[in-house]
Amino acid sequence: MEPINVFDYETLAKERMNPAYWDYYAGGSDDEVTLRDNQRDFARIRLRPRMLVDVRQCNTSTSVQGLPISMPILVAPTAMHCLAHSEGECATAQGAGAVDTLMIASTSATRTLEEIAQAASGPLWFQLYIYYSLDVAAGLVRRAERAGYQAIVLTVDLPAMGNRERSRRHGVPMPPPPLVRANFVGIGQEDIGQVAVTWETIDWLRTITSLPVLIKGILTAEDAQLAIAHGVSGIIVSNHGGRQLDGVVTSIEALPEIVEAVAGRCEVYMDGGIRRGTDIFKALALGARAVLVGRPIIWGLAADGARGVQQVLSILHTELELAMKLAGCPTLASINHTFLKL
Ligand SMILES: Cc1cc2nc3c(=O)[nH]c(=O)nc-3n(C[C@H](O)[C@H](O)[C@H](O)COP(=O)(O)O)c2cc1C
């Protein structure tokens, strides 16, 4: 039977995937409280639909950082897609492009950022981890610019790796050889230093690139204010899919205070626990410009390569349209907090 929702893709992916890889993708940190609550908190929010609205024409097209896309649903940066499918991130980029949306490619991809750009037909942003040194990071940013990436997304919630016990129990190195973090091939011992990523790093990043700089992993109004003060072009509210500090606020819970603090000064996005069109509707109603989807993309990729990624995005798109119609919102602009009972 054809999968009809993202959970069907989850089942297919689990059947097909090596258990160690599955646990790497599926797991969270510590007791996985945040992993579970990311989804659970969406279910807690009730909708207040309006009736007798003409919803025959329902339009989900929008833009992010001025880039037109068909739906407010982006591919979150996730590492090591070759564990899920032999074509890895290249297939993911093709799937996203096929439905006219944007992919954020991870620093820790198993294909180089150039290979991903070659394969892509839609817009790309580059997610940056500053691992080894500022010089190495600057090299990645220059390569991303040259390859046509249209923004840099600095992930800031990984000053250390979270305690991911499911993955640790397998004892399999990530990525397992012969797979590599493709963007770092050729980086020598001499390039490896220690860097503290701080607010000053944002200032530095803005001096080395003319691309918009977005920040991913913000969970408080205080940090959102600082992000604005340091000139970011966008904020992604995220707890890294429950893989970093366990027990933090969920993304959907943190979103309202961040939207309020930002007060329209930059675009705000969110990720974590998006599994249904109604989840997307709720995030937009709380002020997100768009959402990012992490694990469901990997499920589509593992089940059916580029086509699976395309299908997962199409399913979420169709579900969002249906939610908009049933709630009485023919346009994205008409979705607001009055459609929610909090
Ligand atoms: C397997 C896996 C790998 C990830 N790798 C990255 C990464 O390389 N860079 C990054 O910024 N976030 C990474 N994330 C976090 C995602 O971008 C995103 O915040 C999270 O997956 C959203 O939650 P969801 O999976 O419930 O949609 C990863 C998440 C998962 C599940």
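The following exercises treat a predicted model.

**Exercise 1. Overall form**

Task: Determine whether the radius of gyration of the chain agrees or disagrees with that of a compact globule.

Solution: 
- Step 1. The chain has 342 residues, and a compact globule with that number would have a radius of gyration near 20 Å.
- Step 2. The value for the chain is 19 Å, which agrees with this expectation.
- Step 3. The C-alpha trace spans about 65 × 50 × 40 Å along its principal axes.
- Step 4. Twelve helices and twelve strands occur in the chain, and buried residues account for 58% of the 342 residues.
- Step 5. Consider contacts between residues at least 6 apart in sequence: 75% of them join residues at least 24 apart.
- Step 6. The accessible surface comes to about 14600 Å², and 51% of this belongs to carbon and sulfur atoms.

**Exercise 2. The nonpolar cores**

Task: State which members of the largest nonpolar core touch the most other members, and which helix gives the most residues to this core.

Solution: 
- Step 1. In soluble globular proteins, nonpolar side chains tend to be buried together.
- Step 2. The largest nonpolar core has 99 residues, of which Leu 128, Ile 235 and Met 270 touch the most other members.
- Step 3. Helix α12 (residues 295-327) gives the most to this core, namely 16 residues.
- Step 4. Another core, of 15 residues, lies apart from the largest one; among its members are Leu 67, Ile 69, Leu 74 and Tyr 269.
- Step 5. Beyond its neighbours within four places in sequence, Leu 128 is in contact with several residues, including Thr 107, Ala 137, Ile 152 and Leu 205.

**Exercise 3. The ligand**

Task: Identify the residues that come nearest to the ligand, and state what percentage of its area the protein buries.

Solution: 
- Step 1. There are 22 residues around the ligand, and Pro 77, Ser 106, Thr 155, Asp 271 and Gly 273 come nearest.
- Step 2. On the side-chain part, a polar atom of Tyr 129 lies 3.0 Å from a ligand nitrogen atom, and one of His 240 lies 3.4 Å from a ligand nitrogen atom.
- Step 3. On the backbone part, a polar atom of Gly 273 is 2.9 Å from an oxygen atom of the ligand.
- Step 4. The ligand exposes 610 Å² when taken alone, and the protein buries 98% of that.

**Exercise 4. Helix α11**

Task: Explain why helix α11 is described as largely enclosed by the rest of the structure.

Solution: 
- Step 1. Helix α11 covers residues 277-285, nine residues in total.
- Step 2. Eight of the nine are buried, so the helix is largely enclosed by the rest of the structure.
- Step 3. The buried residues include Asp 279, Phe 281 and Lys 282.
- Step 4. After α11 comes Gly 287, which has a positive phi near 105 degrees.

**Exercise 5. Two individual residues**

Task: Classify Glu 319 as buried or exposed, and do likewise for Ala 288.

Solution: 
- Step 1. The cut-off for a buried residue is under 20% relative accessible area.
- Step 2. Glu 319, found in helix α12, has 17% relative accessibility and therefore counts as buried.
- Step 3. The side chains of Glu 319 and Arg 276 are joined by a polar contact of 2.9 Å.
- Step 4. Ala 288 is in the loop between α11 and β11 (290-293); its relative accessibility is 6%, so Ala 288 counts as buried.
- Step 5. Not counting residues up to four places away in sequence, Ala 288 touches Leu 255, Val 268, Met 270 and Ala 283.

Conventions
Residues numbered from 1 in each chain as written. Predicted model: local features only at pLDDT ≥ 70, side-chain atom pairs only at ≥ 80, totals over all residues. Heavy atoms only, no water. Core = buried A, V, L, I, M, F, W, Y, C linked by side-chain atoms within 4.5 Å. Buried < 20%, exposed > 50% of the residue type's maximum accessible area, 1.4 Å probe, protein only. Helix = DSSP H or I, 4+ residues; strand = E, 2+ residues; numbered from the N terminus. Contact = heavy atoms within 4.5 Å. Near = heavy atom within 4 Å. Polar contact = N/O pair within 3.5 Å; in protein donor to acceptor, adjacent residues only side chain to side chain. Areas by Shrake-Rupley, 256 points an atom, 1.4 Å probe, with all protein chains shown as cover. Rg over C-alpha atoms; globule rule 2.2 N^0.38 Å.
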